[in-house]
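Here is a short tour of a two-chain model, written to be read with the viewer open.

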Amino acid sequence: MTTKQKLVVIGNGMVGHKFLESMVDLEQASQYEITVLCEEPRPAYDRVYLSSYFSGKTAEDLSLVSEGFFEKNNINLKLNCKAVSFDRDAQTITTEAGETLPYDKLILATGSYPFVPPVPGHDRKNCLVYRTIEDLEDITEAAKNSKVGVVVGGGLLGLEAAKALKDLGLKTHVVEFAPRLMAVQVDDAGGALLKSKIEELGVKVHTSKNTQNISDGDECVHKMEFADGESLETDLILFSAGIRPHDALAREAGIELGPRGGIQINNFCQTSDDNVYAIGECALWGGMIYGLVAPGYNMAKVAAQHITGAGSDVFEGADMSTKLKLMGVDVASIGDCHARSEGALSYAYTDEVNQVYKKIVVSADKKLLLGAVMVGDAEDYGNLLQMMLNDIELPEKPEALILPSLDGAAKPALGPDALPDTAQICSCYSVSKGDICCSVQNGAQTIGDIKADTQAATGCGGCTALVTQVMNSELTKLGVEVNTDICEHFKYTRQDLYSIIRVEGIKSFAELLEKHGTGHGCEICKPAVGSILASVWNDYVLDDKHISLQDTNDIFLGNMQKDGTYSVVPRMAGGEVTPEGLIAIGQIAKDYGLYTKLTGGQRVDMFGAQLHQLPDIWNRLIEAGFETGHAYGKALRTVKSCVGSTWCRYGVDDSVGLAVELENRYKGLRAPHKMKMAVSGCTRECAEAQSKDVGVIATENGWNLYVCGNGGMKPRHTDLLATDLDKETLIKYIDRFWMFYIKTADRLQRTSVWMDNLEGGIDYLKEVIVEDKLGLGEELEAQMAAVIGTYQCEWKTTVNNPERLKRFKHFINADKTDDNIKFVKERGQIRPASEDERVNAEDLIAVG
Amino acid sequence: MTNFVDVCALSDINLDTGVCALVDGKQVAIFRPAASGELFAIDNYDPIGKANVLSRGLVSDVKGHLTVASPLYKQHYCLADGRCLEEDVSIPTYQVKLEGERVLVAV
């Protein structure tokens, strides 16, 4: 047996972890014994989305480590373990704890640290940096006693940090040394527009400010003094003035560094010592440190291939183009955005009304695109980037690429067919056009399929539009007609049918079928249309013209169980119930011999009711003050709540009160699928609101609104839609959210899958719901008001109508019951008898 | 001789739905599809779901076949001949007729 090679990785950041993932994907990985030294107390997490920690994501949410990753792959992970030196001759590493570890191959993935300018006073209390989760914890702590916060540095990270301070409720300033924000990525005009947009959002921007001293303030903790004689008082300072490579270990081991730091690497990511590799932000290639994650990921793959000999990829630099949303403002920068190439020419377009700035830089012969800047609208990013990366010849008038289309003339768009298979469409996950086409060839038909299969468009999302175009083009080429017809009877999608029904005022299935369908309808289209009719007109679902559309459960307003009996669930809004209510339910369950169980939605479910018993049971429930719980419908189920500020020592607001109000507001609302909500009274989140379609969490400053989560087979956490809302705004947004979902989702599509298939995802939802970009807000609210205004308890209507009750018996011509229903006792209650037990007649309980 | 039994009025069956009748100890599911003027009678027992529930299923047109979709697991049974479209099973069918406004079944 050959002994395994010892491979040690120093650092478990994003790139260090990508290296491990790349290694274990290779067959040759089994020949290595891998040890990882991680200075931080937790393994790799997503630093790109660090600011989402302040909008509710936890350290676990940010983790990049799949469950059991280290165990499954036999990787020895040492947390809180700092390497202090390594000896290249002995091939050993020494840790802070004094341990010595041998290595055959060593990977330095030590990353970088934030540069703190050596200004006098920079080490005062509450002068912090923004890099690790521990930093975020310090910032949160410091912010508690602060009113004003300053970020030093107006680059990409600085603006992210400013958003974090603003989210923490501080009056926020950004101080930048250069004359404009994001000096590397945008030009003067773009920087100026970015500044005015960010100031509109309540962050004060100070450019051309050179901080000279930090001392005690008069009003605040600190006073910052600038070279121009001005000063600014603040309680908290965050330094975000660039990064420096963590190269001290390599320097002391005698490995070659760049003149201004950074570990020199070749195209295989090897350092000046063949057995030592460096990847990510600590590495210097071609005189450049790559401070973005995509090039780092690329280095990780290259290094893994080179060490194992499994491949021959090389690292030859990376494109630093980037598109991001900074505090809600779209910013994009491509290639040579400052027109520094020889002979480069620029075209620029400024729209002060809509606050949009775009510039393209082209070659002297106007044939090739060299770079671009976009602020305020970055929709063209994907197109322009591909043009540059693939040297695609420009149209005759290149300015048309950034000018708004007048007279409805189409913009010269780059068809996906113009791209080579190797064109990288998603740079976050290195997904090429070929990868997407391959995924389509293997059966993917929706953007959701592509995301699940290739990870494309799941990082920054900037490529979503292009991924969709590539997918559609490939589907067409394969001759795959994506059939989105709801079924053989209607050549329409559910969304189409919804619009037709609303716009044409269609009130019944028969009318819709006659005007727009063929055949007689089936168990797909009938319930779907029944649901749409209910969402739009909210008629009684057992009405003569609607009854035949109702599925198994709706048609008898109960949940059919395996033996043909039903379960009965009265509504308990917010999970609140009086002792009298509980006693009534208990007595009814006892009188009818029903099995009782609590549901996950905080109410009581009674099982084993036979068809003929349902009206009597409901008569008694209604008498006791209960209403139907719609447990049988694709409708609002429950609004779960914690006990909230009324009783809880930690409660911040009245979660039960709000839950009751919301449940009563939306009860009876029918939708493409069931809908669940919850309200938590504080961030401890005992109501588990972040696992619901709509979750609300109380904060000191109002309600935070989360959307599109679910439990079930594929659990998914919510995304944050809006923060610090008053109740009126909260309800307005929820009204809009539900009606927009009902209007646009597919049949039986939960909110999470629906959002995944919306181009733009949560950002798009924010635009529609919060910013009202489509101008639909009032219409959606009015539609919701109509549903709320026509609510009826379906069971009350039913028990008051003798004609309707005729159906609620097993035989139309006899008062007998179904002799096939047999129960046995278990743990003091009934349950359906198994097939064996049916033979053993003595244990059976008589029913009737 | 075929013995027809009067089970209910036509108006007792909502258009495009079914009811269950007890005829000579047998549970019979009777359907009144909107698609045709005809009535259909099949056994009420779903041999796949193993429960007497077919009368409560949804009337469904599958490529021209009039069927009922089982309310339990949604298999389709043809109303005309009792054949299941998904599984290799079949259920009994019965004669049904309309006399005036009355529905009559023979088993």
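## Burial and overall make-up

A residue counts as buried if 20 or more other C-beta atoms lie within 10 Å of its own. By that count, 47% of the 848 residues of chain A are buried. Please keep in mind that this is a predicted model.

Chain A holds 25 helices and 38 strands. If you take its contacts between residues at least 6 apart in sequence, 62% of them join residues at least 24 apart.

## Chain B

What does chain B have by way of helices and strands? The tally is 0 helices and 11 strands, so defined from DSSP runs. Along the sequence this reads as β-β-β-β-β-β-β-β-β-β-β.

Of the 107 residues in chain B, 45% are buried. For contacts in chain B with a separation of 6 or more, residues 24 or more positions apart account for 44%.

## Where the chains meet

Between the two chains, 27 residues of chain A are in contact with 26 residues of chain B. On the chain A side, the residues that touch chain B comprise 8 nonpolar, 9 polar and 10 charged.

## A five-stranded sheet in chain A

One open sheet of chain A has 5 strands in the order E21-E22-E25-E24-E23, with antiparallel pairing. Its edges are strand E21 (322–326) and strand E23 (345–351), each of which pairs on one side only. From one strand to the next, the twist averages 10°.

Within this sheet, strand E22 (residues 329–335) and strand E25 (residues 369–375) of chain A pair in the antiparallel sense over 5 bridges. Here A:Gly335 stands opposite A:Gly371 in E25(A). Helix H9 (residues 381–389) of chain A packs on the sheet and touches E21, E22, strand E24 (356–362) and E25. The direction of helix H9 makes about 165° with that of E25(A).

In soluble globular proteins, nonpolar side chains tend to be buried together. The largest nonpolar core in this model has 65 residues, and A:Leu194, A:Leu238, A:Val331 and A:Leu384 have the most contacts inside it. Helix H5 (residues 156–167) of chain A gives the most to this core, with 7 residues.

Which residues does A:Val331 contact, leaving aside its neighbours within four places in sequence? They are A:Met182, A:Val186, A:Leu194, A:Leu324, A:Leu326, A:Val375 and A:Ala378. A second, separate core has 53 residues, including A:Ile34, A:Val36, A:Val276 and A:Ala304.

Notes
Residues are numbered from 1 along each chain as its sequence is written. Chains are lettered from A and ligands numbered from 1 in the order in which they are written. This is a predicted model: local features need pLDDT of at least 70, side-chain atom pairs count only at pLDDT 80 or more; totals for chains, interfaces and linings use all residues. Two residues are in contact if their C-beta atoms, placed from the backbone, lie within 7 Å. Ala, Val, Leu, Ile, Met, Phe, Trp, Tyr, Cys and Pro count as nonpolar, Asp, Glu, Lys and Arg as charged, and the others, Gly among them, as polar. Helices (H or I, at least four residues) and strands (E, at least two) are DSSP runs, numbered from the N terminus. A residue is buried if 20 or more other C-beta atoms lie within 10 Å of its own, exposed if 12 or fewer, and partly exposed in between; C-beta atoms are placed from the backbone. Two strands pair if DSSP finds at least two bridges between them. Axes are lines fitted to C-alpha atoms, for helices over the stretch in contact, and angles run from 0 to 180 degrees between N-to-C directions. A nonpolar core is a set of buried Ala, Val, Leu, Ile, Met, Phe, Trp, Tyr and Cys residues joined through C-beta atoms within 7 Å.
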